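Let's take a friendly walk through a protein structure, one stop at a time. Keep the picture open beside you and look for each residue as it comes up.

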Amino acid sequence: MSFEDDTSNDKQATGGHSSQPSTGAEPTRVDRRTLLRNAMGASALGLGASMLPREAHAHWHWRMHHHHHHVTTSFALAVLPDTQFYSRYATSEEGQAYQRQYGSTPYPAQTQFIVDNAAKYHIPFTIHLGDVVDQSKHPQQWAVADAAMKVLENAGRPYSVLAGNHDVLSALEFESAASQSSGTDAQRGSSEPYLTWFPTSRAAKQRTFLERHPSGWHEAHVFHACGVSFMVLSLSWRASDDAIAWAHSMIARYPMLPVILANHQLLNIANDGVSPLEVAYGQYLWDKLIRHNDQIFMTLNGHYHGGALLTKINDFHNPVHEMVVDYQMAYQGGNGLMRLYEFDFTRNKIDVASFSPWVVEKPKDSLKQFDRAWLTEPNHEFSIDIDFQRRFSRFTHFCHLPAFAGTPILPRVKQDLYANYTEQPEPVVVPPTSEQDYPLIAETVAHWRITSSAIGKAVAAGTALADLTAANPMQRAALAGAAQVADVAFTADKHRLSSAPGSVQFLNTTHQGPGRFSWFTTAANAPINAATFANGYTIETFIKIDPNWKAADHAWCNILTRFGNRGWLPGYAGGDPESPPILFAISNLREVQWEIVPSSSTKQPQTDWSGEIMLNTWYHLAIVNDPKDNSTVLYIEGAPVVRSVIGGNGIASVAASQPWALGCGWWDRAPSDGFLGSIGEVRVVSKPLAPNQWLTARRASA
């Protein structure tokens with residue numbers, strides 16, 4: 001049989017239902033016959049069968065499928081996780097970062113894939129999980145998102161969308177039930193950009209559309225596949241209690257439909273990057289909406305970086321499968337990764353795949369080892385066992401249309417993706433054979449590393465951190481505040497590709513109370529203090545964040561800086577004038593931040609950002625500034641980040657007497673924001689270097 005359902009471009013036949021869009025726009029009605037067919041547990045082939053006694057129905061089911069037990073009846077639900085960086089870094093404001101590197105952008109590649117393959121892979125519907133854009137006040141980003149979603153609209157492919165925290169003007173976090181008095185849709189105005197770019201009238205053009213909440217932030221759809229109807233409830237960031245009540249009412253008005261709940265924030269991911277972690281808002285939705293609505297069998301959310309699955313049991317002793325997925329912190333801001341959820345009615349399971357239709361379209365000479373068309377880790381590719389008939393038995397008589405020529409969808413998707421694409425092999429990793437096994441660079445300004453003889457010894461104030469150039473040694477600064485000698489240690493722990501004997505470990509750092517942290521500095525007359533790197537630079541180091549790092553206590557801890565308020569620089573007109581010329585820090589989201597005031601123009605700072613990095617894991621970081629193309633690129637484990645700078649060059653110095661410091665930052669005339677974790681060797685070179693000249697390379701390869 002052919003799968004028409006909602007993969008057809010044609011409008012569904014109209015029929016009566018009581019739902020009206022809140023703006024008064026003319027609704028596009030859902031096929032009432034299909035709704036009723038699903039409610040009765042009947043299909044075009046199984047209408048009479050559903051009315052037979054149990055024994056006769058079992059015989060009919062066997063008779064219909066006896067000769068087709070090898071055939072698969074399934075459909076694929078498309079899911080677009082946070083697209084915010086795709087929208088941002090395709091704009092001229094951000095130098096069209098994607099177009100500049102690849103000649104194309106990820107967001108429309110995703111929606112075009114759905115359009116091109118909706119019939120082939122039986123994709124009846126698409127769910128967007130929010131954070132459509134990164135900065136809600138930037139129209140260029142909305143324009144990118146608008147164009148990408150119009151690819152679906154112009155082809156008649158229905159979708160739901162919701163607003164994430166980046167899509168609203170004020171994104172207050174949920175803390176408890178008392179938080180519902182602020183930061184929800186009830187407190188937002190009508191001038192929100194999301195409501196301008198994705199109004200109710202636009203949603204109502206989807207043939208699957210039921211209605212939106214009167215606020216315009218939340219929407220309901222019904223799609224049909226294999227003779228089965230599903231409701232999708234999409235709740236935007238911080239749904240008000242009234243919106244939650246509306247969601248209840250939608251479920252109650254369609255009491256025989258299985259429901260997929262989409263939300264931006266519901267389930268988190270633990271620090272191991274794999275395990276599910278419940279959060280207060282997700283528990284609030286569970287208690288207020290999910291647990292006592294048996295029709296909700298599955299939830300989807302973004303917001304938290306990575307992927308995880310949690311199965312909970314509702315008040316009816318039935319499973320609810322909660323899934324979080326968000327790839328924005330992966331290579332290239334997500335690299336076009338999206339998901340398909342294959343609902344396999346034959347084998348009673350939902351197969352989940354994470355893949356990128358954009359990676360396979362990139363120019364072959366641009367591909368890196370970080371480009372992956374298909375993720376195989378168990379939190380990104382997995383199966384959920386679900387007996388659909390039993391799971392839905394409390395509220396509907398489940399019966400799907402059998403297929404006579406169906407094959408599993410996801411294996412075909414993977415095969416087609418790799419038909420003309422080959423992933424780049426992992427580079428050969430050669431560990432160092434000695435402490436000298438690294439490329440020597442004549443333009444090295446400083447190369448700080450511990451000595452093997454110092455490992456295990458106390459690191460008192462005044463203890464030296466050697467510079468292999470001998471020009472700019474550092475020493476531990478005098479103890480301040482609550483700092484203790486034991487807060488710093490020289491250890492043999494290091495990155496596998498570092499040739500240094502070990503690393504400096506910073507312990508017991510806290511921002512609480514008077515603070516407790518330690519650092520090393522160059523001397524006031526060190527030559528590097530005056531260096532401004534007009535010919536570019538390469539700064540490398542190796543770091544490992546302590547497993548006890550917490551955003552509330554250690555956000556914005558600094559790896560390396562140079563002292564002095566950047567507001568003291570001539571002509572400086574940017575933000576945070578109390579900050580230093582270099583912020584090499586770990587953000588509250590565990591992103592690596594490289595923010596400097598360039599020496600070529602000291603008016604404004606410029607910033608590179610990585611994605612989220614893991615705790616207790618060694619990383620090699622390299623920042624390369626090349627005046628030839630005015631670029632400054634941050635590399636994490638050799639991978640260039642998408643949020644890189646095209647702009648000024650060099651690094652400004654406040655004064656030749658202001659030292660460089662390791663293990664801390666600076667705020668308004670004083671050291672601050674100490675690091676928690678380990679910092680390996682650090683090298684500063686006064687020119688841009690290629691990867692085969694980095695500290696991760698071996699001397700013979702340079």
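**Rings, charges and one threonine**

Begin with F345 and F388, which are both buried. Keep in mind that you are looking at a predicted model.

Now widen the view to aromatic rings in general: the structure holds 43 aromatic pairs. How are the rings of F345 and F388 placed relative to each other? Their centres are 4.9 Å apart and their planes meet at 85°; because planes over 60 degrees apart count as edge-to-face, this pair is edge-to-face. Where do the two partners sit? F345 belongs to the loop between β13 (338-344) and β14 (349-355), while F388 belongs to helix α11 (residues 388-391), so the pair ties together parts that are 43 residues apart in sequence.

Over the face of Y102 you will find K362, at 4.2 Å from the ring centre. Over the face of Y438 lies R699, at 5.1 Å from the ring centre.

For the last stop, find T463 in the loop between β16 (444-448) and β17 (464-465). Its side chain reaches the backbone oxygen of A460 at 2.7 Å. Which residues does T463 touch once its neighbours within four places in sequence are left aside? T463 is in contact with A458, M474, Q475, R476, F490 and F520. As for A478, it is 15 residues from T463 along the chain, and the C-alpha atoms of the two are separated by 9.9 Å.

Technical notes: Residues are numbered from 1 along each chain as its sequence is written. This is a predicted model: local features need pLDDT of at least 70, side-chain atom pairs count only at pLDDT 80 or more; totals for chains, interfaces and linings use all residues. Side-chain values use heavy atoms; hydrogens and water are left out. Rings of Phe, Tyr and Trp (its six-membered ring) pair if their centres lie within 6.5 Å; planes under 30 degrees apart count as stacked, over 60 as edge-to-face and the rest as tilted. Helices (H or I, at least four residues) and strands (E, at least two) are DSSP runs, numbered from the N terminus. Buried means under 20% relative accessible area, exposed over 50%, partly exposed in between (1.4 Å probe, protein chains only). A charge sits over a ring if NZ of Lys or CZ of Arg is within 6 Å of the ring centre and within 35 degrees of the ring normal. Contact means heavy atoms within 4.5 Å. A polar contact is a pair of N or O atoms within 3.5 Å; within protein, one must be able to donate a hydrogen and the other to accept it, and residues adjacent in sequence count only if both atoms are side-chain atoms.
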